[in-house]
Amino acid sequence: MDGGAEGSQQPHLILAHKLFLLTQPDVQDIEKVQLKSEVLDSIKSDGMAPLYETLAASSVLELDQSLLDSMRANNEEELKKLDEKIADAEENLGESEVREAHLAKALYFIRISDKEKALEQLKLTEGKTVAVGQKMDLVFYTLQLAFFYMDFDLVSKSIDKAKKLFEEGGDWERKNRLKVYEGLYCMSTRNFKKAASLFLDSISTFTTYEIFPYETFIFYTVLTSIITLDRVSLKQKVVDAPEILTVLGKIPFLSEFLNSLYECQYKAFFSAFAGMAEQIKFDRYLYPHFRFYMREVRTVVYSQFLESYKSVTVEAMAKAFGVSVDFIDQELSRFIAAGKLHCKIDKVAGVLETNRPDAKNALYQATIKQGDFLLNRIQKLSRVIDL
């Protein structure tokens, strides 16, 4: 896992996406046959014995014992050579050569997908690393490994470690790269607001091709922004952003999804929304939040529609969205009950009446709530002190 060539995605992360698709029931069997073949080719070409063993044990791939034995023998031979290089560097060469020899071994463990040994070896390499920039690069290797395994605890610890390193110094290029890694972590752990902010900050400085291509980055930026930015910010930072406009049309449905929402073309929006749903469902980082994300988008679009009216008939709303009256009725009932929409349905008249709290009233309610919370804390504290 050496970061790949400039401008190309890390092969291990391409493999991780294929492995994710293999576990999805909605992926057709014929596609899975092709995916299995591609996964096996990747495993063979990199000699990934530890990963092959794991996948065979969980029945993702069929076990070919002779293939496993052959890969294991190659791994041992390669590691022996790497150990000889480390010994030679320690005996005859300088500190930087010793570090490089240790790093080569760490990268080999990453390449064959031996997570625990890779982490041990990265730690060992770090002990022989002085420059902050090189220490940061080790963190990036760790982050790539963590994203391959979707180990978010390791991702979080590595991001914190990188931030501490930056306090000692560190260049802007690596700082900007870290923003994208942190954005991906936030999106993967459902902190869409922070993810959008980090992604938008990185639009003009994006260089992290090793974790995903630029088009995927724009896809994530638009998706997280739509559910977290207000209309003015969305227009300024996303709809009119030249960097986004250059690739928006290359991603199926994304342009219609964004622009129809902003331009209040609700029929077109629902049509694009259905197309986007497939892409979200088959993304390994977004898939766990699929239902949540779809709900949030609908909240945004229904709220936007209702903001224009004091009252509107359910029939008019259904017509605007190109759906049935029953569908809108059921949808709104759910969203109102969950406190997501500020309106009520007059079933007899078939009318929706909005009852949004104005800003002053909302602020007043929030102040009362915080005041009650503070009083409770003071009461609890006084009881502790009295004890």
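What follows is a short chat about rings, charges, a hairpin, a coiled-coil record and one lysine.

Mentor: Keep in mind that this is a predicted model.

Trainee: Let's begin with the rings. How many aromatic pairs does a search of the whole structure find?

Mentor: The search turns up 33 aromatic pairs. In general, you describe a pair of aromatic rings by the distance of the centres and the angle of the planes. Take F270 and F327: their ring centres are 6.3 Å apart and their planes stand at 85°, so this pair is edge-to-face.

Trainee: Where in the chain do F270 and F327 sit?

Mentor: F270 is in helix α15 (residues 266-281) and F327 is in helix α18 (residues 325-337). They are 57 residues apart, so to speak a link between distant parts of the chain.

Trainee: Is F270 buried or exposed? And what about F327?

Mentor: F270 counts as buried, because its relative accessibility is 14% and the cut-off for buried is under 20%. F327, at 32% relative accessibility, counts as partly exposed.

Trainee: Which residues do ring pairs link into a cluster?

Mentor: F270 and F327 both belong to it, and the other members are F257, Y266, F269, F273, Y302, F305, Y309, F321 and F335.

Trainee: On to strands. How should I think about their side chains?

Mentor: In a regular strand, side chains alternate between the two faces of the sheet. Here, strand β2 (residues 343-346) and strand β3 (residues 351-354) run antiparallel and are joined by four bridges. I345 stands opposite L352 in β3.

Trainee: Which residue in the hairpin of β2 and β3 takes a positive phi?

Mentor: G350 does, with phi near 70°, and the hairpin has four residues between the strands.

Trainee: What does UniProt place at residues 68-99?

Mentor: The unreviewed UniProt entry gives a "coiled-coil region" there. In the model, the span is 94% helix and 0% strand, and its end C-alpha atoms lie 31 Å apart.

Trainee: Last one: where is K117 found?

Mentor: K117 is in helix α6 (residues 115-127), and its relative accessible area of 42% makes it partly exposed.

Methods
Residues are numbered from 1 along each chain as its sequence is written. This is a predicted model: local features need pLDDT of at least 70, side-chain atom pairs count only at pLDDT 80 or more; totals for chains, interfaces and linings use all residues. Side-chain values use heavy atoms; hydrogens and water are left out. UniProt positions are given in the numbering used here, feature names are shortened, and annotations may be inferred rather than shown by experiment. Helices (H or I, at least four residues) and strands (E, at least two) are DSSP runs, numbered from the N terminus. Two strands pair if DSSP finds at least two bridges between them. Buried means under 20% relative accessible area, exposed over 50%, partly exposed in between (1.4 Å probe, protein chains only). Rings of Phe, Tyr and Trp (its six-membered ring) pair if their centres lie within 6.5 Å; planes under 30 degrees apart count as stacked, over 60 as edge-to-face and the rest as tilted.
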